[in-house]
Amino acid sequence: MSDTSAGLTIRIASECRWDLLSLGEVMLRFDPGEERIAGARNFRVWEGGGEYNVARGLRRCFGQRTSIVTALADNPVGRLLEDLMLQGGVDLSHLRWMEYDGVGREARNGIYFLERGFGLRGAMGMMDRGHTPISQMKVGQVDWDAIFGGEGVRWFHTGGVMCALSAEAPAVAREAMVAAKGHGVVVSYDCNYRPSLWKNAGERQGASDVNRMLAPFVDVMFGHEGDLAAVLGESSQGAPWHSYESYGEMAARVRGEFRNIKVIATTTRRPKTANRNDWAAFGYAEGRVYESIRFDDLEVFDRVGGGDSFAAGLIYGLLDAKGMQWALDCGVAHGALAMTTPGDSSMATLSEVERLMAGGAAGVQR
(Lines give C-alpha, C1' and ligand atoms only; values in the text may rest on other atoms or scores of the structure.)
Protein backbone atom coordinates (compact mmCIF):
# COMPACT_ATOMS: atom_id res chain seq x y z
CA MET A 1 0.00 0.00 0.00
CA SER A 2 1.08 3.60 -0.52
CA ASP A 3 0.11 7.24 -0.03
CA THR A 4 0.63 10.21 -2.34
CA SER A 5 2.41 13.44 -1.43
CA ALA A 6 3.40 16.23 -3.85
CA GLY A 7 2.87 13.82 -6.73
CA LEU A 8 5.02 11.12 -5.10
CA THR A 9 3.78 7.62 -4.31
CA ILE A 10 5.20 6.75 -0.88
CA ARG A 11 5.02 3.36 0.80
CA ILE A 12 2.99 3.04 4.00
CA ALA A 13 5.18 3.39 7.12
CA SER A 14 3.73 0.33 8.83
CA GLU A 15 4.90 -1.88 5.96
CA CYS A 16 8.52 -0.70 6.10
CA ARG A 17 11.32 -0.98 8.61
CA TRP A 18 12.95 2.28 7.48
CA ASP A 19 11.50 5.66 6.62
CA LEU A 20 14.76 6.59 4.90
CA LEU A 21 17.95 4.83 3.85
CA SER A 22 21.02 6.83 2.80
CA LEU A 23 24.10 5.79 0.83
CA GLY A 24 27.25 7.81 1.42
CA GLU A 25 30.53 8.44 3.19
CA VAL A 26 30.89 9.43 6.83
CA MET A 27 34.02 11.37 7.82
CA LEU A 28 35.57 12.70 11.01
CA ARG A 29 35.57 16.49 11.07
CA PHE A 30 38.22 18.40 13.00
CA ASP A 31 36.93 21.79 14.15
CA PRO A 32 39.48 24.41 15.34
CA GLY A 33 36.72 26.58 16.76
CA GLU A 34 37.41 30.29 16.27
CA GLU A 35 41.03 29.67 15.31
CA ARG A 36 42.64 28.86 11.99
CA ILE A 37 43.76 25.33 11.14
CA ALA A 38 47.44 26.20 10.82
CA GLY A 39 47.58 27.81 14.26
CA ALA A 40 45.20 25.56 16.21
CA ARG A 41 46.43 23.33 19.01
CA ASN A 42 43.06 21.85 19.95
CA PHE A 43 40.27 20.48 17.77
CA ARG A 44 36.76 19.32 18.52
CA VAL A 45 35.57 16.38 16.44
CA TRP A 46 32.24 15.63 14.81
CA GLU A 47 30.96 13.06 12.36
CA GLY A 48 29.65 14.29 9.05
CA GLY A 49 28.82 13.45 5.46
CA GLY A 50 26.32 14.88 2.97
CA GLU A 51 24.09 11.83 2.73
CA TYR A 52 24.54 10.80 6.36
CA ASN A 53 23.59 14.26 7.65
CA VAL A 54 20.16 13.88 6.04
CA ALA A 55 19.56 10.54 7.76
CA ARG A 56 20.73 11.93 11.10
CA GLY A 57 18.57 15.04 10.85
CA LEU A 58 15.50 12.97 10.04
CA ARG A 59 16.20 10.72 13.02
CA ARG A 60 17.13 13.28 15.67
CA CYS A 61 14.88 16.20 14.79
CA PHE A 62 11.94 14.53 13.10
CA GLY A 63 11.80 11.12 14.79
CA GLN A 64 12.03 9.08 11.58
CA ARG A 65 13.55 5.60 11.37
CA THR A 66 16.72 5.92 9.33
CA SER A 67 19.64 3.73 8.30
CA ILE A 68 22.79 4.21 6.22
CA VAL A 69 24.83 2.09 3.87
CA THR A 70 28.45 3.11 4.38
CA ALA A 71 31.86 1.62 5.14
CA LEU A 72 34.70 2.29 7.58
CA ALA A 73 38.17 0.98 8.27
CA ASP A 74 38.19 -1.03 11.50
CA ASN A 75 40.53 0.98 13.72
CA PRO A 76 40.07 3.40 16.65
CA VAL A 77 39.10 6.30 14.36
CA GLY A 78 36.48 4.11 12.72
CA ARG A 79 35.16 3.08 16.11
CA LEU A 80 35.02 6.74 17.15
CA LEU A 81 32.93 7.47 14.07
CA GLU A 82 30.72 4.51 14.93
CA ASP A 83 30.21 5.88 18.45
CA LEU A 84 29.34 9.34 17.14
CA MET A 85 26.84 7.85 14.67
CA LEU A 86 25.28 5.74 17.42
CA GLN A 87 24.72 8.94 19.38
CA GLY A 88 22.98 10.33 16.30
CA GLY A 89 20.52 7.44 16.33
CA VAL A 90 21.03 6.31 12.72
CA ASP A 91 20.87 2.53 12.36
CA LEU A 92 24.24 0.95 11.53
CA SER A 93 23.17 -2.56 10.56
CA HIS A 94 24.32 -1.80 6.99
CA LEU A 95 27.71 -0.40 8.00
CA ARG A 96 30.48 -2.42 6.33
CA TRP A 97 33.81 -2.80 8.14
CA MET A 98 37.07 -3.11 6.18
CA GLU A 99 40.19 -4.59 7.74
CA TYR A 100 42.83 -1.99 8.58
CA ASP A 101 46.38 -2.79 7.44
CA GLY A 102 48.09 -0.75 10.16
CA VAL A 103 49.18 2.23 8.06
CA GLY A 104 46.29 2.96 5.69
CA ARG A 105 47.79 1.81 2.39
CA GLU A 106 44.69 -0.23 1.55
CA ALA A 107 41.97 1.66 3.39
CA ARG A 108 41.74 4.58 5.78
CA ASN A 109 38.95 6.59 7.32
CA GLY A 110 38.28 9.99 5.81
CA ILE A 111 38.91 13.13 7.84
CA TYR A 112 38.53 16.80 7.13
CA PHE A 113 39.36 20.11 8.75
CA LEU A 114 37.05 23.10 8.53
CA GLU A 115 37.45 26.74 9.51
CA ARG A 116 34.10 28.40 10.08
CA GLY A 117 35.28 31.78 8.84
CA PHE A 118 34.28 35.14 10.22
CA GLY A 119 33.21 38.40 8.61
CA LEU A 120 35.07 38.86 5.34
CA ARG A 121 37.07 35.64 5.84
CA GLY A 122 35.01 32.83 4.38
CA ALA A 123 34.76 29.28 5.67
CA MET A 124 37.51 26.97 4.39
CA GLY A 125 37.63 23.18 4.33
CA MET A 126 40.53 20.80 3.74
CA MET A 127 39.73 17.19 2.86
CA ASP A 128 41.85 14.08 3.49
CA ARG A 129 39.67 11.28 2.17
CA GLY A 130 41.73 9.17 -0.24
CA HIS A 131 41.41 5.35 -0.20
CA THR A 132 38.39 5.32 2.09
CA PRO A 133 36.39 2.06 2.34
CA ILE A 134 33.22 3.53 0.85
CA SER A 135 35.16 4.75 -2.19
CA GLN A 136 36.17 1.13 -2.79
CA MET A 137 32.63 -0.23 -2.73
CA LYS A 138 31.75 -2.22 -5.86
CA VAL A 139 28.55 -3.18 -7.63
CA GLY A 140 27.21 -6.45 -6.24
CA GLN A 141 28.53 -6.05 -2.71
CA VAL A 142 25.22 -4.89 -1.19
CA ASP A 143 22.01 -6.92 -1.36
CA TRP A 144 19.76 -4.01 -2.19
CA ASP A 145 16.72 -6.20 -2.80
CA ALA A 146 17.00 -7.57 0.73
CA ILE A 147 17.04 -4.03 2.12
CA PHE A 148 14.41 -2.37 -0.07
CA GLY A 149 12.18 -5.41 -0.40
CA GLY A 150 12.84 -7.61 2.60
CA GLU A 151 13.27 -4.94 5.27
CA GLY A 152 11.20 -2.31 3.52
CA VAL A 153 12.23 1.31 2.86
CA ARG A 154 10.03 4.31 2.08
CA TRP A 155 12.67 6.72 0.80
CA PHE A 156 16.24 6.31 -0.54
CA HIS A 157 18.70 9.21 -0.56
CA THR A 158 22.15 9.66 -2.05
CA GLY A 159 24.00 12.36 -3.95
CA GLY A 160 26.86 13.85 -5.83
CA VAL A 161 29.31 13.60 -2.94
CA MET A 162 28.97 9.81 -2.90
CA CYS A 163 29.24 9.65 -6.68
CA ALA A 164 32.47 11.67 -6.73
CA LEU A 165 34.38 9.29 -4.47
CA SER A 166 35.57 6.91 -7.20
CA ALA A 167 35.04 5.86 -10.79
CA GLU A 168 32.91 2.96 -9.53
CA ALA A 169 30.74 5.01 -7.14
CA PRO A 170 28.19 6.21 -9.74
CA ALA A 171 27.55 2.59 -10.78
CA VAL A 172 26.99 1.65 -7.11
CA ALA A 173 24.53 4.53 -6.74
CA ARG A 174 22.77 3.51 -9.96
CA GLU A 175 22.50 -0.10 -8.78
CA ALA A 176 20.89 1.08 -5.55
CA MET A 177 18.50 3.43 -7.36
CA VAL A 178 17.35 0.76 -9.81
CA ALA A 179 16.66 -1.64 -6.93
CA ALA A 180 14.83 1.07 -5.00
CA LYS A 181 12.60 1.87 -7.95
CA GLY A 182 11.86 -1.82 -8.38
CA HIS A 183 10.44 -1.91 -4.86
CA GLY A 184 8.42 1.30 -5.08
CA VAL A 185 10.85 3.38 -3.01
CA VAL A 186 11.04 7.15 -3.56
CA VAL A 187 14.54 8.15 -4.71
CA SER A 188 16.09 11.55 -3.93
CA TYR A 189 19.42 12.83 -5.15
CA ASP A 190 21.34 15.90 -3.98
CA CYS A 191 23.60 17.10 -6.80
CA ASN A 192 25.84 18.77 -4.17
CA TYR A 193 28.80 19.75 -6.39
CA ARG A 194 32.16 19.86 -4.60
CA PRO A 195 35.03 21.21 -6.74
CA SER A 196 37.70 19.42 -4.69
CA LEU A 197 36.11 16.03 -5.34
CA TRP A 198 35.72 16.52 -9.10
CA LYS A 199 39.07 18.22 -9.71
CA ASN A 200 40.56 15.13 -11.37
CA ALA A 201 37.30 13.66 -12.63
CA GLY A 202 36.09 16.14 -15.24
CA GLU A 203 35.31 18.99 -12.84
CA ARG A 204 31.88 20.60 -13.34
CA GLN A 205 31.18 18.79 -16.62
CA GLY A 206 32.19 15.44 -15.13
CA ALA A 207 29.75 15.95 -12.26
CA SER A 208 26.99 16.98 -14.65
CA ASP A 209 27.57 13.93 -16.83
CA VAL A 210 27.18 11.63 -13.81
CA ASN A 211 24.08 13.50 -12.65
CA ARG A 212 22.53 13.12 -16.10
CA MET A 213 23.28 9.39 -16.09
CA LEU A 214 21.44 9.00 -12.77
CA ALA A 215 18.64 11.52 -13.34
CA PRO A 216 16.27 9.00 -15.04
CA PHE A 217 16.01 7.14 -11.71
CA VAL A 218 15.38 10.22 -9.52
CA ASP A 219 12.01 11.32 -8.12
CA VAL A 220 13.20 14.25 -6.00
CA MET A 221 16.17 16.37 -7.07
CA PHE A 222 17.99 18.80 -4.82
CA GLY A 223 19.77 21.16 -7.21
CA HIS A 224 19.07 23.08 -10.40
CA GLU A 225 19.42 22.80 -14.16
CA GLY A 226 23.10 23.77 -14.05
CA ASP A 227 23.74 20.45 -12.29
CA LEU A 228 22.23 18.57 -15.24
CA ALA A 229 23.66 20.52 -18.16
CA ALA A 230 24.69 18.46 -21.19
CA VAL A 231 26.98 21.35 -22.11
CA LEU A 232 28.09 23.79 -19.43
CA GLY A 233 26.53 27.23 -19.62
CA GLU A 234 25.87 30.20 -17.38
CA SER A 235 23.47 28.22 -15.18
CA SER A 236 26.28 25.81 -14.27
CA GLN A 237 28.49 28.55 -12.84
CA GLY A 238 28.02 29.67 -9.25
CA ALA A 239 24.96 29.63 -7.06
CA PRO A 240 21.46 29.74 -8.59
CA TRP A 241 19.57 33.05 -8.31
CA HIS A 242 15.90 32.86 -9.19
CA SER A 243 12.64 34.73 -9.13
CA TYR A 244 9.31 32.94 -8.92
CA GLU A 245 8.96 33.20 -12.69
CA SER A 246 12.49 32.13 -13.61
CA TYR A 247 12.31 29.13 -11.30
CA GLY A 248 9.17 27.92 -13.03
CA GLU A 249 10.92 28.23 -16.40
CA MET A 250 13.94 26.33 -15.07
CA ALA A 251 11.78 23.54 -13.63
CA ALA A 252 9.92 23.23 -16.91
CA ARG A 253 13.21 22.76 -18.77
CA VAL A 254 14.36 20.07 -16.34
CA ARG A 255 11.01 18.30 -16.50
CA GLY A 256 11.00 18.55 -20.26
CA GLU A 257 14.09 16.38 -20.37
CA PHE A 258 13.50 14.21 -17.29
CA ARG A 259 9.77 13.63 -16.87
CA ASN A 260 10.38 11.21 -14.01
CA ILE A 261 11.59 14.00 -11.71
CA LYS A 262 8.49 14.99 -9.77
CA VAL A 263 9.92 17.37 -7.17
CA ILE A 264 12.76 19.89 -7.49
CA ALA A 265 14.09 21.87 -4.54
CA THR A 266 16.80 24.51 -4.59
CA THR A 267 18.22 26.59 -1.74
CA THR A 268 19.19 30.19 -2.43
CA ARG A 269 21.97 31.56 -0.26
CA ARG A 270 23.46 35.03 -0.62
CA PRO A 271 26.51 35.35 1.63
CA LYS A 272 27.06 38.96 2.68
CA THR A 273 29.76 37.92 5.13
CA ALA A 274 30.74 34.50 6.49
CA ASN A 275 28.30 35.09 9.36
CA ARG A 276 25.45 36.90 7.64
CA ASN A 277 23.58 35.24 4.78
CA ASP A 278 20.22 35.59 3.08
CA TRP A 279 18.67 32.10 3.16
CA ALA A 280 15.59 30.74 1.37
CA ALA A 281 14.50 28.17 -1.21
CA PHE A 282 12.31 27.48 -4.21
CA GLY A 283 10.50 24.25 -4.98
CA TYR A 284 8.51 22.64 -7.74
CA ALA A 285 5.86 19.90 -7.59
CA GLU A 286 2.80 18.95 -9.65
CA GLY A 287 3.21 21.81 -12.11
CA ARG A 288 3.44 24.50 -9.43
CA VAL A 289 6.30 26.64 -8.15
CA TYR A 290 6.67 27.26 -4.41
CA GLU A 291 8.66 29.96 -2.66
CA SER A 292 9.75 29.40 0.95
CA ILE A 293 9.77 31.65 3.95
CA ARG A 294 12.86 33.87 3.87
CA PHE A 295 15.55 34.55 6.41
CA ASP A 296 17.33 37.70 5.29
CA ASP A 297 20.51 38.57 7.18
CA LEU A 298 20.50 35.18 8.88
CA GLU A 299 23.27 35.07 11.47
CA VAL A 300 25.38 31.98 10.77
CA PHE A 301 27.53 30.23 13.36
CA ASP A 302 28.56 27.21 11.23
CA ARG A 303 27.21 26.97 7.70
CA VAL A 304 28.25 23.36 6.98
CA GLY A 305 25.28 21.01 6.89
CA GLY A 306 22.68 23.70 6.25
CA GLY A 307 21.77 22.24 2.87
CA ASP A 308 21.60 18.70 4.25
CA SER A 309 19.31 19.90 7.04
CA PHE A 310 17.15 21.61 4.42
CA ALA A 311 16.87 18.28 2.59
CA ALA A 312 15.96 16.46 5.82
CA GLY A 313 13.19 18.94 6.62
CA LEU A 314 11.72 18.83 3.14
CA ILE A 315 11.82 15.01 3.05
CA TYR A 316 10.09 14.85 6.44
CA GLY A 317 7.30 17.13 5.23
CA LEU A 318 6.71 14.97 2.16
CA LEU A 319 6.96 11.68 4.07
CA ASP A 320 4.37 13.00 6.51
CA ALA A 321 2.13 14.25 3.66
CA LYS A 322 2.12 17.83 4.92
CA GLY A 323 2.21 19.36 1.44
CA MET A 324 4.97 20.94 -0.62
CA GLN A 325 4.71 24.42 0.88
CA TRP A 326 4.95 23.14 4.44
CA ALA A 327 7.80 20.80 3.49
CA LEU A 328 9.76 23.60 1.78
CA ASP A 329 9.32 25.94 4.75
CA CYS A 330 10.28 23.15 7.13
CA GLY A 331 13.47 22.53 5.19
CA VAL A 332 14.46 26.18 5.21
CA ALA A 333 13.71 26.59 8.93
CA HIS A 334 15.58 23.40 9.82
CA GLY A 335 18.56 24.47 7.72
CA ALA A 336 18.57 27.91 9.35
CA LEU A 337 18.60 26.40 12.84
CA ALA A 338 21.33 23.91 11.90
CA MET A 339 23.58 26.81 10.96
CA THR A 340 23.26 28.30 14.46
CA THR A 341 25.13 25.40 16.11
CA PRO A 342 28.59 23.84 15.54
CA GLY A 343 29.18 20.66 13.55
CA ASP A 344 27.66 19.25 10.39
CA SER A 345 24.50 17.88 12.02
CA SER A 346 21.33 19.52 13.22
CA MET A 347 20.81 20.00 16.95
CA ALA A 348 17.32 21.40 16.48
CA THR A 349 14.05 19.95 17.76
CA LEU A 350 10.81 19.68 15.82
CA SER A 351 9.13 22.18 18.13
CA GLU A 352 11.91 24.69 17.44
CA VAL A 353 11.53 24.18 13.70
CA GLU A 354 7.75 24.62 13.84
CA ARG A 355 8.10 27.71 16.01
CA LEU A 356 10.49 29.29 13.52
CA MET A 357 8.19 28.38 10.64
CA ALA A 358 5.40 30.21 12.45
CA GLY A 359 7.49 33.36 12.77
CA GLY A 360 8.79 32.84 16.30
CA ALA A 361 11.49 35.23 17.50
CA ALA A 362 14.76 34.45 19.27
CA GLY A 363 13.66 35.44 22.75
CA VAL A 364 14.35 33.24 25.74
CA GLN A 365 11.95 30.28 26.10
CA ARG A 366 11.03 29.60 29.75
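Tutor: R355 is found in helix α11, which covers residues 350-357. Please keep in mind throughout that this is a predicted model. The C-alpha atoms of R355 and A333 are 9.1 Å apart in space, while the two residues are 22 apart in sequence.

A321 belongs to the loop that runs between α9 (306-319) and α10 (324-338). Its backbone deserves a glance: A321 has a positive phi of about 55 degrees although it is not a glycine. Most residues other than glycine have a negative phi. There is a second case of this kind, at N192, where phi is near 45 degrees. N192 also sits in a loop, here the one between β11 (186-190) and α6 (195-198). N192 is buried, because its relative accessible area is 15% and the limit is 20%.

The charged end of K322 sits over the ring of W326, 5.0 Å from the ring centre. Likewise, R204 lies over the face of Y193, with 4.6 Å to the centre of that ring.

In soluble globular proteins, nonpolar side chains tend to be buried together.

Strand β12 (residues 220-222) and strand β13 (residues 263-273) run parallel and are joined by three bridges, with V220 standing opposite V263 in β13. On to the next strand: β13 and β14 run antiparallel, with 10 bridges between them, and a hairpin of two residues connects β13 to β14. V263 turns up here as well, standing opposite A285 in β14.

N277 is worth a stop within strand β14, which spans residues 276-285. N277 counts as buried, because its relative accessibility is 2%. The side chain of N277 makes a polar contact with the side chain of R269, at 2.9 Å. Not counting residues up to four places away in sequence, the residues that N277 touches include R269, R270, P271 and K272, and also F295, D296, D297, L298 and V300.

W144 and F156 form one that is edge-to-face, 6.1 Å centre to centre and with 70 degrees between the planes. This pair links distant parts of the chain, 12 residues apart: W144 is in helix α3 (residues 144-152) and F156 in strand β10 (residues 153-159). W144 counts as buried because its relative accessibility is 3%, and F156 is buried because its relative accessible area is 0%. F156 pairs with F148 too: the ring centres are 5.5 Å apart and the planes stand at 85 degrees, so this pair is edge-to-face. F148 and F156 are both buried. Elsewhere, F30, F43 and F113 form one aromatic cluster.

Through β10 we reach strand β3 (residues 18-23). β3 and β10 run parallel and are joined by four bridges, and the bridge partner of S22 in β10 is H157. β3 also pairs in the parallel sense with strand β6 (residues 66-73), over four bridges, where L21 has S67 as its bridge partner. How many of the six residues of β3 are buried? Six of the six are, so β3 is largely enclosed by the rest of the structure.

Key:
Residues numbered from 1 in each chain as written. Predicted model: local features only at pLDDT ≥ 70, side-chain atom pairs only at ≥ 80, totals over all residues. Heavy atoms only, no water. Buried < 20%, exposed > 50% of the residue type's maximum accessible area, 1.4 Å probe, protein only. Polar contact = N/O pair within 3.5 Å; in protein donor to acceptor, adjacent residues only side chain to side chain. Contact = heavy atoms within 4.5 Å. Phe/Tyr/Trp six-rings, centres within 6.5 Å; stacked < 30°, edge-to-face > 60°. Lys NZ or Arg CZ within 6 Å of the ring centre and 35° of its normal. Pairing = 2+ DSSP bridges.
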